[in-house]
Amino acid sequence: MIRKYHIVAIPIRIVVNRFGDHDPNGMMYVLKENEDIVKKKVELNPFSTVDLVEPLVIRANVGDTIEILFENQLPFNTGIHIQNAEYDVMTSDGAFVGLNRNTTVQPGKSIIYKWSVDFEGINFFSDLGNPLSSELGSNVHGLFGALFVEPRGSWWTDPVTGKPINSGVFADVHNPLLPSYREFGWFFHDEMEVDDLTGQKPISPHTLQPEATHLINYRSEPMRNRLRLIQEGVVCPDCEGEEVHHDSWVFGDPDTPILRAYVGDPIKIRLVHGGTKETHSFHYHLHQWLFEMNDSDSEIVDVQAISPQNQYTVSPAYGAGSLQGAFGDAIIHCHLYPHFGEGMWGMQRTFNTLQDGSMCYPNGVQIKALQPLPDRPLPPKPTLEKPGFPNFIPGIPGFKAPRPPLGIIGGRKPTEIEKNQFAPNAVPGAVFVNPTTDETPIREFHVVLIQMPIVYNNEGWYDPEGRLYVLAEDEEAVRSGKKKPEPLVIRANAGEAIRFKFTNKLPETIGGNAFQLVTRTYEAGMHVHFVKFDVLVSDGANVGWNYDSSVLSGETIEYQWFADVELKSTFWHDHLFANEHQLHGVFSSINIEPRGSYYLNPYTGEEMNSGTQAMIINPLIPDFREINLFVHDFALLFDKDDKPLNPPPFPSSPDDPGVMAVNYRNEPIQFRLKEPHCDPAYVFSSWVHGDPVTPLLETYNGDPVRVRLIQGAQEESHSFNLHRQRWHRERGDLDSELDQQQHIVIAETFTLEFNMEGEGDFDMLYHFGSVDDIWLGNWGIFRSFGKRVPHLKPLPDREQLPLREKPLPKKTGKVPPLVSQSEFEYPKNAKVRKYDVVALNTKIEYNDYGDHDPFGIVFALEKDVDAILSGKLNPEPLIIRANVGEFVEIKLMNCLKDIDHHNGRHGYPEVPVEAFFPPSNRISMHAQLLVYDVRHSDGATVGFNCDQTIGPGECITYSWYIDQPIGSVNLWDMADIRNHRHHGAFGMLITEPRGSQYLNHKTRKEVETGSQVIISTPLLPEFREFSLLMHDGVRLVDKNGKLIIDPQPLFVIDEEFPDFEDQGSRGFNYRNERFSNRIKKFNEVYKVFSSRVFGDPSTPLFLAYPGDPVVIRFTFPADKPRAHSFAVHGHIFHRSKDDINSSLISVEGQNTVGSNDNFHLLYGAGGLFSKPGDYMYRSGNIRWDIELGLWGIMRVLRNRKNLLAPLKMNKWKQNNTLNYQLDRKNLNSKKFQKKGRVKITSRRSYKRKIIKQNRATSTPKHQNRDEGVQS
Amino acid sequence: MIDDSLISLGNDQPDINAIRQSVVTQEFEDNIGKRAFILIFPYPFMIIGEIIDVMSDYLIIKAEVTNVTELDGEEFRVHIDDIEVFYIEKNLSRPIPDIRNGHHD
Amino acid sequence: MREPIIPENEVFLEMLGKTILLVTESKQLNILGQTFRPIFSGKVVEVTNGYITLDPAIIKMHNAPFYKFPTPLSFPMEAISVFTEFDPDRRIPLI
């Protein structure tokens, strides 16, 4: 089916809330049929929101062709670039890339784009005619939308009227074979230029400073406006602000999206990141979903990190209200608290009675009709006795929501109307729905929330206002110092109900220092993820028309959670004053363990009620060790002299204040330099400095381990990296990829499960990999013993280990001995692939315009060193390969010359709490994901391991084994994270299929290195391999030797001071193609990617012929915490290369230090239709990556050229390929005409006919197809 | 009556698996010319179409619709033992919806 | 005329007219791109010597656990892994 849409890009004033916050220079896509209406309505309502002003969502069904007539009414070239769809890059890319024709559109002109869609989901589209990062660009102002693709045979209606619709973010989608569902587009959007009613930058009445705005679907409900109403005495005069930010009783409903459904309605939230910069944390209260919607083994999640231009379908299990059928308001928000506070939230409203438009909310606002889904039972009509949510709740508009019935000890009595609504098995904390039965086992805890100073490290860094949950039974021990403060971790088993008494013992205020203004934080609760609960009374929050399920200081409330299934670690925290005090430590976990488990203290062997480390004992599955790691940023610490560490520009500024920690501990590496050499190579060494204060997991070799990884606070992305041990990305899905790194945002939780592999005694580094994290001390050690030690209990089901006789190692203060370099022993007939690698200082030219790193540090093959040093070869990162089943020996030689731009104070790109830290002249090489002995081939000098770094003139050999087809693997130096990595001390190793040869893409001669090669394998098709290392934090100078301070956007001056995480230039393989080198005027921006105008970019130019199998190897070795998206135009690939049930995507988000990925392009180069042309690969972060040069071209050549050898066994002749672009439907019908099957009458005749036909046509099927096309 | 051939050699116990399979096969064979809906675990997962024939334990079905648009119109030979769920439109009051052209009430 | 139900299939015949929960053997099934674990419930309206039929047939999709399929559905006995008498209104964890 062909669907046609006429889309116009228009300038429009976008008002984002009823307070008049607005973008005067908004831009949007709109259907032509709505253009006049929208413009008129906006003209008439300059200070109010207008319904039709929303990101454009159009819909189609799987298998459809979509024809877009696109018209540009903006004063610069724009276009529509779509993801995930098939299209001809020459006519429908919506960009002007390489040697392609220009498919952006001049002002006042139009163009026709054609797309076809083959699978359900989200096809994000946005403008690439003006990809500038600043307010001069189009995307920040809203020029994006999406095509939602529905199952075949679907149609869609308006949820209020039930009438068919052509566009709109919300729709009810119906299908003859599938359940109807409510579809909600949810577009995150950041960095929009939002002014207040008066046209000024909005000011927070709390800080009296300007504030940013974060949006969903062009709407934002920041606290600042609502706070002003409190301060002016309009509403709720005794309230503070944050605790009622989401309270509809006080303010009425927000202008941000409210997703309305009846209990049990199937839901698909189409989650889209239309913004340009931040990686957000999408969290949906009460509901959970499968990470991969189409894989029933997939991990259950309730938080999804999402980077710019990325997308996910969120289809909650059991529909609205989850398993327990809860009704009420479930808030949906970005969990990054500053964003949450600056407006990035909405909610899901689940009704339990029919809404036909005749009812009102308690404040008198009409409840709009909501059409019941046609295949669902009709909800009951509201009655006086049972008016339904929210009208049975005894609140008063203008005042804070009432407290829940039953739960609060000493609280009010329920009203009659409330009682009518009670569940038959109502208990305190599960009043209106209670999924438990009389047989459900019950576990009880009494939790208190307290404040006390917490000391984070031995240097005396401390939080004077540490706040944490503790069990009531431990309160005394924690306060008195007998028990060290750590985030509370409690446990329960699957199938249990967990009942809490929660007592709020916090003081009523916080702050009054360089970090925070004095703020009242007078109430608190326990908001939990994952488990099943009654959202009205046990959400531990104050949302919409729900109750306020928190308590005042000194009060106690009861909650009930039901753990229906085994879960990973389950995050909980306070939801009332999270912005103010979660960063002081208010985060915890309940780990839901397999049924029948009990929990022992690993050091005493006694049963335990809480603790971040435990042995989990189970009669049916192997016992395992468990450690919870909570990573934490915005830790508002002071040093021992009471000096604030990294204070914000003004108190209560959300501008990345404070430091970082793991479980309230950190070990900043600036304090681990030992006089006189102060060599950074030993910062991780326990010989020199003793063990770090961060969590230390101790195991015996072979112990099963589950690491429960959580981010407790507050805004940054983190990247967990562990040396040597590997886990499946999704624990329950053995098809999911093996990982050794995990990106995490606040409120995400992961279970990393592995067996502690290795021999003897060894230490392994875990670290949060960005330079800022490691610098501030987010690293620690996992220690494994070969023999039984007195202090660590063995897991009960493991075989008895022999007792250790030697004493345990202790700090000596001395540099550890170099690892002994005996010959490696290999199995007989083992293939050992050897690489001689040299680490050297060299200038690296990043582009043809003279931008360069004069202090580059690279790994190079020994044979290339002379060419590099003589300037003949501009180095690329070292890219080496080995086949599965092979050993790799790296002989590394250190030729560093001990030079850098500084002698101790690094400066730009900066880290928080900068300090003296001279560059090391030692070097090492660490490999991810491979199998090796940590004691000699880890490439890091960690804990009580020997030294695995080398000094100038020295050599070391590492031996790694390739046991799995992992694909791309990061290699990097571990001798000096601060000074080496961002100068280029990294590389990539790629594991190839057994029997592979690596061939030069032009000559087909065997090669040892290179980013562009042919992989030739006897049993598999030959493929082209394109390798990309994306990196940031680079320190470049221009051709005149002037330092380039990035990010500095084009055509504007000093827009904002960049955070630490954004400082530095970017690169693909030590190259970038900055806009500033190509364009000088704003009106040239649409041409910036054009090779016709500016020549090919300096970034790798990858070449292929149409239909060539292509694998893109991708890693992210360095350096900063900011996460990036990676996009490829016109091609799709599986999110997990090994998992055929994983999503098809064309953008992969959340790439950060340690990310590694493999993109097997479906259908080969040129996509399904094998179209020649230039396909851009790039970052998805418009702010600031693309402008700083993170883009390049994959060129699919039309004709055979000498510069590219063809692949062998590629049966597509070029001519055929070019013709193979016809409509697929034609292709099918032609084939059928050709086949001309005759109606059969009996089985025997059928058989005969088959045989006859086979004789007549002895050619294989695919050849028939070719002929069919040619004829 | 159950076919004698379904009684396995060597003992007089009927081979219950073979009987069950043959009954399913027979059901398709008895309904040649009618529309059927089948779900299988392997690609293309779902087929709606007319039962053309049954050959030993294979169903010949002319696909109206599958999960993969490009395969509409194909004549599939489906191993009947792989069918996990099916419905044959024997009674026109319970039709299998036709989704080929968008909205059908 | 229907064949009489052979003794080996009486285990199914006992369910005739009752509502059951039924699970088939594969990891997941897929209708128009919507995948689900093959968990069904409904009333047994037909038992033959090779398959049984549910009507109504409820597919317990994880995001729509009470989805009533528009037609009855039949299940070859050889593909059935598990069945039990079951209240079709019961809410059970599916993932």
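This section describes the nonpolar cores, the chain contacts and one annotated segment of a predicted model.

In soluble globular proteins, nonpolar side chains tend to be buried together. In the present model, the largest nonpolar core comprises 328 residues, within which Leu147(A), Met764(A) and Leu971(A) have the most contacts. For Leu971(A), the contacts beyond its neighbours within four places in sequence are Leu878(A), Met925(A), His926(A), Ala927(A), Phe986(A), Gly987(A), Met988(A) and Leu989(A). A separate core of 55 residues lies apart from the largest one and includes Ile40(B), Val54(B), Phe86(B) and Ile52(C).

Chain C is in contact with both of the other chains considered here. Its contact with chain B involves 24 residues of chain C and 25 residues of chain B. On the chain C side, two elements each supply two or more residues, namely strand E2 (29-31) and strand E7 (73-76). The largest share, four residues, is contributed by E7(C). Classified by residue type, this side of chain C consists of 13 nonpolar, nine polar and two charged residues.

The contact between chain A and chain C draws 26 residues from chain A and 22 residues from chain C. The side of chain A that touches chain C is made up of 15 nonpolar, seven polar and four charged residues.

Within chain A, residues 58-152 carry the annotation "domain: Plastocyanin-like" in an unreviewed UniProt entry. Over this range the chain is 36% strand and 4% helix, and the C-alpha atoms at its ends are 15 Å apart.

Terms used:
Residues are numbered from 1 along each chain as its sequence is written. Chains are lettered from A and ligands numbered from 1 in the order in which they are written. This is a predicted model: local features need pLDDT of at least 70, side-chain atom pairs count only at pLDDT 80 or more; totals for chains, interfaces and linings use all residues. Two residues are in contact if their C-beta atoms, placed from the backbone, lie within 7 Å. Ala, Val, Leu, Ile, Met, Phe, Trp, Tyr, Cys and Pro count as nonpolar, Asp, Glu, Lys and Arg as charged, and the others, Gly among them, as polar. A nonpolar core is a set of buried Ala, Val, Leu, Ile, Met, Phe, Trp, Tyr and Cys residues joined through C-beta atoms within 7 Å. A residue is buried if 20 or more other C-beta atoms lie within 10 Å of its own, exposed if 12 or fewer, and partly exposed in between; C-beta atoms are placed from the backbone. UniProt positions are given in the numbering used here, feature names are shortened, and annotations may be inferred rather than shown by experiment.
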